[in-house]
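Open the model in your viewer and keep the sequence panel beside it. The stops below say what to select and what is there.

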Amino acid sequence: MKLGFGFYRHMLTRENYDFAVQCGATHAVVHLVDYFNQGNKVHGEDQPIGDLHGGWGIAGGTPDEAWSEESLRTMKEELGAAGLQLEAIENFDPMYWHDVLLDGPKKHEQIERLKQIIRNVGAAGIPVFGYNFSIAGVAGRVSGAGARGGARTVGMEGPAESNTAPIPNGMVWNMVYDRNAPPGTLPEIDHDTLWGRLEYFLKELLPVAEQAGVRLAAHPDDPPMPWVRGQPRLVYQPWMFQRLIDLSPSRSNALEFCLGTMAEMTEGDIYEATDRHSRQGDIGYIHFRNVRGKAPHYTETFIDEGDIDMRRIMEILHRNAYDGVLIPDHAPQMTCDAPWHSGMAHAMGYMKALMDMVAATPDRLP
Ligand SMILES: [Mn+2]
């Protein structure tokens, strides 16, 4: 198992690379999408929440050039110089695939662009690409002082307008891709239609990913609700991950296994799901974080105060010889001059200790 660190677009600096290495990271996961572009970045370096009409921000904020083989290679080298191996890129820009998600007129043109990105990622020697096949995206959460000691974090306090208000035209994945879209809202579709769109995406992209040596890793829906803003969700119960794998079994059809999101699901068992998918070799990489409660009433917590027994998860991964990367994903903001960094450092230290523990006690489990 490898300890990784996730970098948002605006954090791609040598200073942050050094910080991650100081936390014990050996691997990096990079978000190239500028989620905060022209948006309301409320909590400094926190995860975005967004509002109903503007979402997180405007899609397409990252220059196209950043997705080229050469730029990816340069980024990999810069991370490498700091001591970090670039394991994955997380998420496509909604500007590049809105019509793949919405089955719009530019679908074919956009799927070709996604293929080129995957080829670039493979050519640059990056083994995993994380994606979230979602129309509403990460939407409908609220921010509050819900973690230990009143630390700022996100969660849900039951269904609210932010979960139910229909999505305006020109917005997908909680970002605006067309500011001049005609008035109105996205048409409602059913779950089977959404699965059909995923099937198209995988049928087109998987052969390219296989050839490029890249694993596509699907993130479950956060928050895991059957519907958000009038749109169906794809993976909102644990068994739906198996459905996604079964749709097209391939080493390149993999999971971005988000423990927090999985634990928020109302059905299933997080330990069984971890055991199953680590045994099957489905996991591209892991978002190793904790929560309290289940959708639609839950709070993201510090890694050591939520419902998940993180030690038990680590033991399962170790027993199944999982050799991929774990990153903290999100952590509550701590009360100090560096709220985001201190939250991450706390999570990283805890993860490192758990990893060292299981490595030292190989026979603890029956
Ligand atoms: Mn996650």
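**Stop 1**

Helices (H or I, at least four residues) and strands (E, at least two) are DSSP runs, numbered from the N terminus. Covering rests on contact, meaning that C-beta atoms, placed from the backbone, lie within 7 Å. A buried residue has 20 or more other C-beta atoms within 10 Å of its own, an exposed one 12 or fewer, and a partly exposed one falls in between, again with C-beta atoms placed from the backbone.

This is a predicted model: local features need pLDDT of at least 70, side-chain atom pairs count only at pLDDT 80 or more, and totals for chains, interfaces and linings use all residues. Residues are numbered from 1 along each chain as its sequence is written.

Now select α1 itself, residues 14-22, and colour Tyr17, Phe19 and Ala20, which are buried. Viewed down the axis of α1, its buried residues fall within an arc of 160 degrees, so they line one face of the helix. The arc is that of the directions from the helix axis to the C-beta atoms. Arg14, Glu15 and Gln22, on the other side of α1, are exposed. Just after α1, pick Gly24, which takes a positive phi of about 110 degrees.

**Stop 2: the barrel**

Which strands close into the barrel? Select β1, β2, β4, β5, β10, β13, β14 and β17: these eight close in the order β1-β2-β4-β5-β10-β13-β14-β17, with parallel pairing. Two strands pair if DSSP finds at least two bridges between them. On average, neighbouring strands of this sheet are turned by 30 degrees against each other, direction ignored. Axes are lines fitted to C-alpha atoms, for helices over the stretch in contact, and angles run from 0 to 180 degrees between N-to-C directions.

Next, zoom to β14 (residues 283-287) and β17 (residues 325-327), which run parallel and are joined by three bridges. Ile286 has Leu326 in β17 as its bridge partner.

**Stop 3: the core**

Select Ala28, Ile118, Val121 and Leu259, the residues with the most contacts inside the largest nonpolar core, which has 109 residues. Helix α6 gives the most to this core, with seven residues. Finish on Leu259, whose contacts include Ile270, Ile286 and Phe288.

Terms used: Core = buried A, V, L, I, M, F, W, Y, C linked by C-beta atoms within 7 Å. Contact = placed C-beta atoms within 7 Å. Lists of a residue's contacts leave out its neighbours within four places in sequence.
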